[in-house]
Amino acid sequence: MADGSINIDDFCHRLPKVELHAHLNTSYSMKFLRELARHNGIAEEDFVQDLCLKEAKPLDEGFALFVRLHQIFKTEEAIYRLTCSVIKEFAEDNVKYLELRSTPKMIPETGMTRDLYMQTMVRAVKDCEKEGLDITVRLLVSIDRRHGVEVARIAVDLADKLMQSTQGLVLGVDFSGDPKVGDATDFIPVFLDAAKRGLKLSLHLAEIPLYEETKNVLQACCRSCTMRIGHGTFLHRYDLGKGHEEMEDIVLQWKIPIEACVTSNILSKTVDCPGTHHFHYWHSKQHPVILCTDGKGAFGCSLTDEYSKVAKEFGFGKRDLLAYALSTVDSIFEGDQVKQRLRETMRVFGQKESINGL
Ligand code: IMP
Ligand code: ZN
């Protein structure tokens, strides 16, 4: 329950956290954009204008913003610098474990290839490791549904190759992109193939009311894939599309974790306010639901902000927050050793804060 004697914002900042849903190109900070502008000799104000959604806008407008961002982050140097800066900023926010995802891009004008794109991210992660930052970073290769099944297969081949060559630093694939384009059902063979190769799956599903594709993907993948659901906003809203109750049953039966991005959903107008966010629905069923930022730059939020918002809305105190943070560790894609280390970090934090018995 709420603990009136503490500053929740401050506690949420200090709390060791895990971030499982962050897209590279939307996770920049304004500080980083200004530095990049100065570095490239561009007028700062023109450069940073409108690169953050300040008020709620339909999902389509968010996608128009992503296109603009792709025009900025298109060289090897920009991708390297962006990846380093995103990792450092999450570390400063006391994120101890980060799964960062991005769509590998082929940009002939800058000589960028999909392989070079992901290799550049890997290089940045390793360089941050060498600097001794107190954060473990793993990468997911994104499949953009707008690019179709053939490009998705290329992404899975690349993820598989990198998983081998990096000893698991790359550990899975993400499925994202404009949910109004294409049908996720067409990608099922690609998801099953990825899982067979040992890649983990984080799939944007039910971000908008798309019951048929969501049900098809869940039915096909729940048994044989290690997976999480990105957003899942309409998974339980079968009141809007009767006859789709199985979606919720599958999610509960297979305990498929849900990545909940409160600020992103509100700004994209798929959810009205924190009080009606589906975080509460799943959390109250003790189903794994992990607070994430989605794009801390585009949506102007930090992971601390997300924790604070939820804590204030639902009356979480220190103990609830630490217990919640501990529960999120179960849903990371890394194995037991990393999980144990994270739990230990959180327990030590709890002792320092005089929260015992968790
Ligand atoms: P990138 O993959 O690093 O370029 O990050 C931006 C991309 O992530 C966008 O072009 C979309 O494909 C994807 N993305 C970011 N946010 C969302 C979302 O809320 N729904 C679906 N896709 C998203
Ligand atoms: Zn997302």
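This is a predicted model: local features need pLDDT of at least 70, side-chain atom pairs count only at pLDDT 80 or more; totals for chains, interfaces and linings use all residues.
The shell around ligand 1 is made up of 17 residues. Among them, Asn25, His70, Ser102, Thr103 and Lys105 are the closest. When the shell is sorted by class, 9 of its residues are polar, 5 are charged and 3 are nonpolar. With regard to secondary structure, helix α4, which covers residues 59-72, supplies the largest share of this shell, namely 3 residues.

Several polar contacts can be followed individually. Thr103, already named among the closest residues, places a polar side-chain atom 2.5 Å from an oxygen atom of ligand 1. Asn25, another of the closest residues, takes part through its backbone: one of its polar backbone atoms is 2.9 Å from an oxygen atom of the ligand. Asp294 contributes a polar side-chain atom, which lies 3.3 Å from an oxygen atom of ligand 1. The extent to which the protein covers the ligand can also be stated: ligand 1 taken alone exposes 480 Å², and 99% of that area is buried by the protein.

An unreviewed UniProt entry lists residues 16-345 under "domain: Adenosine deaminase". Within the model, this span is 47% helix and 15% strand.

Notes. Residues are numbered from 1 along each chain as its sequence is written. Chains are lettered from A and ligands numbered from 1 in the order in which they are written. Side-chain values use heavy atoms; hydrogens and water are left out. A residue is near a molecule or strand if one of its heavy atoms lies within 4 Å of it. A polar contact is a pair of N or O atoms within 3.5 Å; within protein, one must be able to donate a hydrogen and the other to accept it, and residues adjacent in sequence count only if both atoms are side-chain atoms. Accessible areas come from the Shrake-Rupley method with a 1.4 Å probe; for residues, only the protein chains shown count as cover. Helices (H or I, at least four residues) and strands (E, at least two) are DSSP runs, numbered from the N terminus. Ala, Val, Leu, Ile, Met, Phe, Trp, Tyr, Cys and Pro count as nonpolar, Asp, Glu, Lys and Arg as charged, and the others, Gly among them, as polar. UniProt positions are given in the numbering used here, feature names are shortened, and annotations may be inferred rather than shown by experiment.
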